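Here is a short briefing on a few local features of one protein model. Keep the sequence and the 3D view open as you read.

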Amino acid sequence: MADSGGSGPMFPDLGAEDSGPTLIESLCMNCLQNGMTRLLLTKIPFFKEIIVSSFACENCGWVNNEIQSAGKIQEEGVQYKLLVSSKEDLNREVVKSDCATTKIPELDFEIPPFTQKGALSTVEGLIDRAVAGLEQDQPTRKATDPEVALKIEEFIEKLMKLKDVEVPFTLIIDDPSGNSFVENPYAPRKDEALLITQYKRDSAQDSMLGLQACTEEETPQSSMDDLRNEVLQFGTNCPECNAPAETNMKLVQIPHFKEVIIMATNCEACGHRTNEVKSGGATEPLGTKITLRITDPSDMSRDLLKSETCAISIPELEFELGMGILGGKFTTLEGLLTDVKELIVAKNPFFAGDSSAPERSEKLREFGQKLNEIISGKREAHIILRDSAGNSYLQNLYAPDPDPEMKIEKYERTFEDNEELGLNDMNTEDYKEQKLDK
């Protein structure tokens with residue numbers, strides 16, 4: 001492959017007026033003569049950045065076109081589990097990346113990662129695409145192996161019957177890169193048919209995505225006093241531009257609560273900033289439910305710690321946000337509500353453009369206006385923080401006296417709560433003895 005010439009960037013900026021393709025002279029694999037490859041970095045609205053590659057050989061006429069993802073890999077993987085129970089569910093829009101695994105457990109059907117290119121489609125479109133893939137080599141199979149061809153034909157009929165939705169079925173999209181998405185037509189309200197789970201990738205998934213596996217390094221013992229007074233720094237990459245950046249980490253004591261770990265990253269290359277909060281203690285024996293009645297604009301200045309295991313709800317708006325979404329945050333109540341509005345309205349890929357429905361866009365716009373009224377103190381509401389791990393906190397302005405507008409309840413976790421926290425499979429009996437034996 002020949003050099004494209006010059007020492008500047010291969011791709012012009014997406015915002016530039018002249019962002020034409022990059023031309024690279026390269027070898028034709030059909031006639032072994034030189035042809036021309038055109039590379040174009042572009043962005044699909046409400047999806048992600050892609051690289052369009054087109055090769056053409058003037059000598060033999062051979063052409064080849066490909067699309068590759070140019071988007072960033074998210075910090076966590078995501079799994080969408082959708083219960084399809086009506087034909088309306090088939091029209092849900094779906095963004096499926098090329099590294100996502102698609103499953104339909106009722107048919108024991110699975111599409112492995114990297115076997116299909118990324119696509120913006122619907123649930124019905126995913127089924128049609130799977131059927132088209134199975135039908136592609138059927139003529140050859142019927143001639144060489146009729147028995148296998150017959151079984152595949154029967155399976156294709158089962159897939160096609162799913163579109164009638166005579167019996168509900170489950171669609172699972174598991175994407176370790178975190179770049180897939182399934183539409184919630186009821187946003188900003190909770191979708192009872194859609195379960196979204198974010199998770200930390202394991203080393204095998206990092207390897208599959210081409211990420212370097214993290215290695216644990218032994219660090220010398222430091223006293224707790226030293227840790228509280230010291231800001232630790234370690235190198236990382238910016239999640240926006242992938243440039244080298246520094247992450248600061250500090251152990252902080254929250255008054256009348258517990259210790260937390262605050263991590264903040266600031267990228268000097270693109271200016272992107274991010275912060276994350278982790279609990280510095282163990283999972284509490286009981287879950288915590290905090291209910292605050294918002295009556296005054298001064299409530300917006302309350303300090304708030306939201307852990308990754310905390311769910312948020314606002315009954316007056318019929319709004320509920322599950323655990324894991326928005327991550328861990330140490331902010332104010334105003335900051336949390338602003339982040340919620342940005343997530344539901346500003347960052348919703350189906351809020352505007354060709355993929356939006358007018359009535360749905362209007363509902364989201366009304367939701368954003370009501371949130372603004374709550375933030376400005378023009379509308380009274382209740383906010384509920386439900387943390388099954390007990391690691392969330394909302395400032396009591398009357399401390400150490402009780403807060404008349406805030407109610408804190410402790411509750412026993414259910415089996416489902418413990419399952420989400422991974423406590424049901426955790427065995428700590430005789431742990432010290434087993435560790436010594438090893």
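The model is predicted. Leu27, Met29, Leu32 and Trp62 form a nonpolar patch on its surface. Ala399 and Pro400 are joined by a cis peptide bond.

**Surface patch**
- Together, Leu27, Met29, Leu32 and Trp62 have about 440 Å² of accessible area.
- Trp62 sits in the loop between strand 3 (49–56) and strand 4 (63–69).
- The relative accessible area of Trp62 is 34%, so this residue is partly exposed.

**A buried strand residue**
- Ile24 belongs to strand 1 (residues 22–27).
- Ile24 counts as buried because its relative accessibility is 5%, and the cut-off for buried is under 20%.
- Ile24 and Leu39 lie 15 residues apart in sequence, and their C-alpha atoms are 7.9 Å apart in space.

**Backbone exceptions**
- Most residues other than glycine have a negative phi, and most peptide bonds are trans.
- Phe114 is not a glycine, yet has a positive phi of about 65°.
- Phe114 lies in the loop between strand 8 (109–111) and strand 9 (119–122), and is partly exposed at 45% relative accessible area.
- Val165 also has a positive phi, near 50°.
- The loop between helix 3 (146–162) and strand 10 (169–175) holds Val165, which counts as buried at 12% relative accessibility.
- For the cis bond between Ala399 and Pro400, omega is about 5°.
- Pro400 is in the loop between strand 23 (393–394) and strand 24 (406–411).

How values were computed. Residues numbered from 1 in each chain as written. Predicted model: local features only at pLDDT ≥ 70, side-chain atom pairs only at ≥ 80, totals over all residues. Heavy atoms only, no water. Patch = residues over 30% accessible without salt bridge, like charges linked within 9 Å, V, L, I, M, F, W, Y side chains within 5 Å. Areas by Shrake-Rupley, 256 points an atom, 1.4 Å probe, with all protein chains shown as cover. Salt bridge = Lys/Arg side-chain N within 4 Å of Asp/Glu carboxyl O. Helix = DSSP H or I, 4+ residues; strand = E, 2+ residues; numbered from the N terminus. Buried < 20%, exposed > 50% of the residue type's maximum accessible area, 1.4 Å probe, protein only.
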